[in-house]
Amino acid sequence: MTDKKVALVTGAAGGIGTEVCRLFLKNGYKVIATHRPGKEKTEVANNWLREEKLDGDIQLLALDVSDHQAVREALPAALEELGRIDVLVNNAGITRDTTFKKMEWDQWHQVMQTNLDSLFSVTQPIFNKMCDQGSGRIINISSVNGLKGQYGQVNYSTAKAGMIGFTKALAAEGARFNVCVNAVAPGYTATPMVTAIREDVLDSIKATIPLKRLATTEEVAGAVLYLAGETGGYITGETLSVNGGLYMQ
Ligand code: CAA
């Protein structure tokens, strides 16, 4: 069993998840980086590992977080092998943007399965283990759009708002086991998900951000590291916004 702190990060092949893994590794964690199964995703994850030359401190795990059965088959074995788990970052998420008038059931349902149902499938076995250990940190990557509501994202805003309710309720249950549960709500961050927005639409969004720029993935990952670390230990049930002032509560 490792004497390092162990963090599992979902949706690690690209964007915020990758940066969170990188920062955890830099700070002495052992990291389990999960990514969507499939050739392309596995290649992205492997290339990333090769480039970073991170050797034994990181382990890749192909995991479709939207597939309840698959998660419940793969996770217990991984947890058994690790021996302990200190941090879970629920980061995996997708968008299927369109106006509600035109939204198809699939566009609604896929977002719910990946962004919301996965919280049940992935978190429950890990939460139970953390409760047995008497310690743990769970950090859910929500979104500014779950707080403010975004045109063209009724599905995504619903799921990301749901993550915040999940965070608070689980924080209430986890406290007596010394398991802290928080959310990070990034604003528009320089990731493939955001750069895929049509240029004119993205320009008009940027114009509404008081800091007039996108967040860097490092700025979001820094918030996650803080909530996972020693000095974040008295925070639970909170949502930490990293949004350049786009939405001030
Ligand atoms: N508020 C009010 N009206 C708006 C609006 C807004 N924010 N955005 C667009 N409209 C209006 C437009 O002005 C337009 O009006 P007219 O027909 O009168 O000209 C109408 O709505 C249609 O707009 P579009 O031309 O954009 O419609 P479309 O069907 O081509 O595209 C869309 C719809 C795909 C949803 C597109 O608007 C879009 O991509 N919006 C951005 C959605 C977004 O922010 N996604 C975030 C992805 S990143 C992410 O999710 C990460 C994170 O956590 C932050």
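In this short talk I will go through the surroundings of the ligand, then the salt bridges, and finally the cysteines of this predicted model.

A word on conventions before the details. Because the model is predicted, local features are reported only at pLDDT of at least 70 and side-chain atom pairs only at pLDDT 80 or more, whereas totals for chains, interfaces and linings use all residues. Residues are numbered from 1 along each chain as its sequence is written, and side-chain values rest on heavy atoms, with hydrogens and water left out.

Let me start with the ligand. It is surrounded by 18 residues, of which the closest are Asp97, Ser143, Tyr151, Tyr156 and Tyr188; a residue belongs to this shell if one of its heavy atoms lies within 4 Å of the molecule. Divided by type, the shell has 8 nonpolar, 7 polar and 3 charged residues, where Ala, Val, Leu, Ile, Met, Phe, Trp, Tyr, Cys and Pro count as nonpolar, Asp, Glu, Lys and Arg as charged, and the others, Gly among them, as polar.

Helix 7 (192-195) and helix 8 (199-207) are the elements that give two or more residues to the shell; helices here are DSSP runs of H or I with at least four residues, strands are runs of E with at least two, and both are numbered from the N terminus.

Turning to charged pairs, the structure holds 6 salt bridges, each being a side-chain nitrogen of Lys or Arg within 4 Å of a carboxyl oxygen of Asp or Glu. One of them joins Lys4 and Asp57, with an N to O distance of 2.9 Å. Lys4 lies in the segment before strand 1 (6-9) and Asp57 in the loop between helix 2 (39-52) and strand 3, so this pair ties together parts that are 53 residues apart in sequence. Lys4, at 28% relative accessibility, and Asp57, at 29%, are both partly exposed, a class that falls between buried (under 20% relative accessible area) and exposed (over 50%), again with a 1.4 Å probe and protein chains only.

Another salt bridge pairs Glu230 with Lys5, the closest N and O atoms being 3.8 Å apart. Here Glu230 sits in the loop between helix 9 (217-228) and strand 7 (239-242), and Lys5 in the segment before strand 1, 225 residues apart. Glu230 is exposed at 68%, whereas Lys5 is partly exposed at 40%. Asp200 and Arg198 also meet in a salt bridge, at 2.9 Å from N to O; Asp200 is partly exposed at 46%, and Arg198 is exposed at 56%.

Finally, the cysteines. How many disulfides does a search of the whole structure find? The count is 0, a disulfide being a pair of cysteine sulfur atoms within 2.5 Å.
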